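Thanks for coming, everyone. I'll keep this short. Please have a look at the model while I talk.

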Amino acid sequence: MDKEFLTKTSRSVTLNVTAGKIDSFREKEETTSTVRVYEDGFVGIAGSLGRPDEETLTSKAKDALELRIPYPCALEGELDEGVLEREVRNEKEIIPVPKLIPTMRSFLDRLGEECPRFAFSNKIGLKNEDAEYRNSCGRHLVSSTGRLSINLIAQNRGSGNLFDSAFGYSGDHFDEDALISKFKEQYDAFYKDVDLESGRYPVVFEASDLMGKFLQQFVGELYVAGASLLSGKLGQDVFSEKLTFQDDMNPYSHPGTCFFDDEGCVAKNYRPTLIERGRLVNLLTTKKSSSQFGLSNLGTAVAPYDGVPSLGFHGFYLEPTAESLRELVPGKAIFVVLASGGDMTPDGHFATPVQMSYLMEDGRLVGRLPELNVSGDFFNLLEKDYIGASCGDPLDNSRMCAVMMDVARS
Amino acid sequence: MIRFRNGFYADIREEDRSRTTISYKAGVLDEMKTRVEVRAFVRVYDGRMWYYASVTDTSNIQKTLDGLYDAATENPNILKDPVVKRFERNVDTIMRFKDCSVRDIPAKEKQDLLLSYLPLLSEDSCITMPSGLYLDRNSVFHFQSSLGADITYDYQTCGLSFSCSMAEGEKKFSGHWQKGGVRFDELQGLESQIRSAISEQTNFLRNSVPVVPGKYPVVLSPEAAGVFAHESFGHKSESDFMLSDETMKKEWQLGKTIGSPILSIAECGSVLGCGYVPYDDEGTKARKNYLIKNGVLVGRLHNAQTAAALEEDSTGNARAIDCTFEPIVRMTTTYIEGGDLDFDQLIAPIKKGYFIKTIRHGSGMSTFTIAPSLAFEIVDGKLGRPVQISVITGSVFETLGLIDGLTKDVQLLSFVTGGCGKMEQMNLPVGFGGPYVRVSSMNVQ
């Protein structure tokens, strides 16, 4: 009987920030274990919190075969290089846990001095995750990662708003000076009101904010059902040649991410590819949906510790076409901080309000724009209106992309 | 028996949660499992900081609590702390679902129920990828505090959710329908409701036309109105956002007129459904809280910390999505109260406008958004063709003042998928609803 084993352990420490001060400390640790067994085209799954006896869990998984959940057995052995084992550890200590509170107190005090009209709140956290995958074909993968996340929302004192801007960082190092400098640039621009005539402009989004709205169109099941805007276009050059779109499972460019998926799949450069130089080359699939619909398995599945694997996505990676934002969009552009609530009609018209944005000139934020509405057509946005993507911010590798959109005042 | 120490406040929240998931995709069994987890969340407060830990092995609660005590600083005056003074000392047991627990229903019976409805999804040729989901949850909560609170209560939801991809030529639509309840027998006999919903959605696929963007009168269904109330104003009523800025209390002064005189928005944790919270996660008893009454700001939502900071009373709104997170200020069941019209009277004066029947999602800050799923024209006071709308938006405060008609009937809804997200805590079950609501102008795209 074919078998696979997955164990994950996560440890996190999270600080809550209210009015720029730390007011709580939360510690969590959790280990989960999963066994999946395959027989006659069915899967049996057993999962548990903690590390139970493997034989007991395997026995429960065998019992679960009685549920007769169809799932192909597609276990993989050797990796591309002909080896069975791989270990990737990107787990350097970013800040020792006992020093997290004093370090962040000092950071928040400095931030408060630099940005006195903002009241900061939300979370700062350190998280480490270990994962181990083994199967009866001999594949053995081990991942160990860690990241620091700083997610602060800022209220402009007296605005009456839930929040007015957001400052974020996720990465595997802490550079206080660089973060303060980055946040300060936004802060300074926030208090310079600028305006913009309605029209067409380059609009700069974080890759996840734009591509996340379109991800549904890449779902394999919708594709074969004819219900995706992309249906029938696999293998075709439908997008801009400048566009390469991947799931970033590379822990060096996307700290905190495991390099293999929950079915033990490992992609080249740890980045499974959906669009390659404008060509739709893959769809979002699992081993089950790829087998069911005759598609390739993308290798990005996620699975609850006691459940069947399902579609997953880990990080939005767009191949850079420019070294910097200045090179990507010389001249005027709209830099989006917050665009929430938008969506796409069934025929591909995308529209979203932009609650918070800055006017950018030659890569520098020069002032805060009023609330805007931006819109465009799905295919145009990723084809003739796609401008490109910049190299990651040197601070945290976040990918920014730019598209031409119709822009109107709210 | 938990040993609490003097000089600190502490509480322990345990949840024994059973959750069944059964799903089919394109007629094939995709998932079938029942997960039972027991977890606890431990909190210690010393008057300056909170210390939290999540526990999966409940035999370690005392050890975990002692570890948090060691990290905190003893405070002989802790009982005089304004936050601690707000904690209630309730002792109660409320077991509403003992005689109808979904734990007692065999998984096979749940599977058969789901299977009985699946053929309805394949009756129209345009449906290409039908999927069905059965979900239930039964939880038993136990809350204890160092002040002597000791509360046990249960919580239950169950429901069905169906979705399908529809495609015909170049036309595409993603159809959805779901029904949530608190008893398994509420999920039986739904054939005509499901068939009617599918028929409406296939009609939408075939006959909907793109909207011409602009500002129009809009009528919101109870579903859309409930989401509007939740997103546009409910989140603004969560007082934790007022803690960071000392000017906020003045800005959000109770007694200020902020909406149409016909508008009242209420919030209550004792309503059965997804948002049922008879005692919140700090042990505070649920109560009905008006946020807006006749257009006037009359209340807001609190946990003990925000109530103390704003010198107001706790409201029973401290909630966490599970025992891996601390409770923060959240909604329970939020709804707009009814008016005096029926539906035909509500749409009669509209020459050209839109009716939003179902929605995909909503969000709210100073500008709210609602992404409709099914929407229809209103022309000369009558419902017309289905229309494709990507998003409707408006300024929250402007729109609250533009509500000029409400129907008498109020529907409160419970969904079993999705939920409310706030910062790191996503998919909290909440109830919502209202009457049909007419807004004289909204931005439609």
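First, the ground rules. This is a predicted model: local features need pLDDT of at least 70, side-chain atom pairs count only at pLDDT 80 or more, and totals for chains, interfaces and linings use all residues. Residues are numbered from 1 along each chain as its sequence is written, while chains are lettered from A and ligands numbered from 1 in the order in which they are written.

Start with chain A. It has eight helices and 21 strands. Helices (H or I, at least four residues) and strands (E, at least two) are DSSP runs, numbered from the N terminus. The radius of gyration of chain A is 23 Å, close to the 22 Å from the globule rule for 410 residues, so chain A is as compact as a globular protein of that length. That radius is taken over C-alpha atoms, and the rule is 2.2 Å times the number of residues to the power 0.38. The C-alpha trace spans about 65 × 55 × 35 Å along its principal axes.

How much of chain A is buried? Of its 410 residues, 45% are. Buried means that 20 or more other C-beta atoms lie within 10 Å of the residue's own; exposed means 12 or fewer, partly exposed is in between, and C-beta atoms are placed from the backbone. Now contacts. Two residues are in contact if their C-beta atoms, placed from the backbone, lie within 7 Å. Among contacts in chain A with a separation of 6 or more, 70% come from residues 24 or more positions apart.

One helix to look at is H4(A), residues 207-214. Its buried residues are A:Ala207, A:Leu210 and A:Met211. They cover an arc of only 90° around the axis, which puts them on the same side of H4(A). The arc is that of the directions from the helix axis to the C-beta atoms. As background, an α-helix has 3.6 residues a turn, so residues three or four places apart point the same way. What covers the buried residues of H4(A)? Strands E9 (199-206), E10 (245-247), E13 (316-318), E20 (386-389) and E21 (400-409) of chain A are included.

Next, where the chains meet. On chain A, 51 residues are in contact with 52 residues of chain B. Several elements of chain A each supply at least two residues to that side, including strand E6 (118-135), helix H5 (220-224) and strand E19 (372-377). Which element gives the largest share? E2(A), with seven residues. The chain A side divides into 17 nonpolar, 21 polar and 13 charged residues. Here Ala, Val, Leu, Ile, Met, Phe, Trp, Tyr, Cys and Pro count as nonpolar, Asp, Glu, Lys and Arg as charged, and the others, Gly among them, as polar.

Four bridges join E2(A) to E3(B), residues 50-55, and the two run parallel. Strands pair if DSSP finds at least two bridges between them. A:Arg26 has B:Tyr52 as its bridge partner. Within chain B, B:Tyr52 stands opposite B:Arg43.

That takes us into chain B. E2(B) and E3(B) run antiparallel, joined by six bridges. Their hairpin has four residues between the strands, and B:Gly47 there takes a positive phi near 95°. E1(B), residues 9-25, and E2(B), residues 28-45, run antiparallel over 17 bridges. B:Ile22 stands opposite B:Met32, and B:Ile12 is the bridge partner of B:Val42. This hairpin has two residues between the strands, with B:Ala26 at a positive phi near 50°. E1(B) is also joined to E5(B), antiparallel, by 15 bridges. There B:Ile12 stands opposite B:Gln144.

Now the domains of chain B. An automatic or database assignment sets the bounds: domain 1 is 9-203 and domain 2 is 210-444. Their centres, over C-alpha atoms, are 22 Å apart. The contact takes 35 residues from domain 1 and 29 residues from domain 2. E6(B) gives the most to the domain 1 side, six residues.

Last, an open sheet in chain B. Six strands run in the order E12-E11-E10-E15-E26-E23, with mixed pairing. The edge strands are E12(B) and E23(B), each pairing on one side only. E10(B) and E11(B) pair in the antiparallel sense over four bridges, and B:Ala266 stands opposite B:Tyr290.
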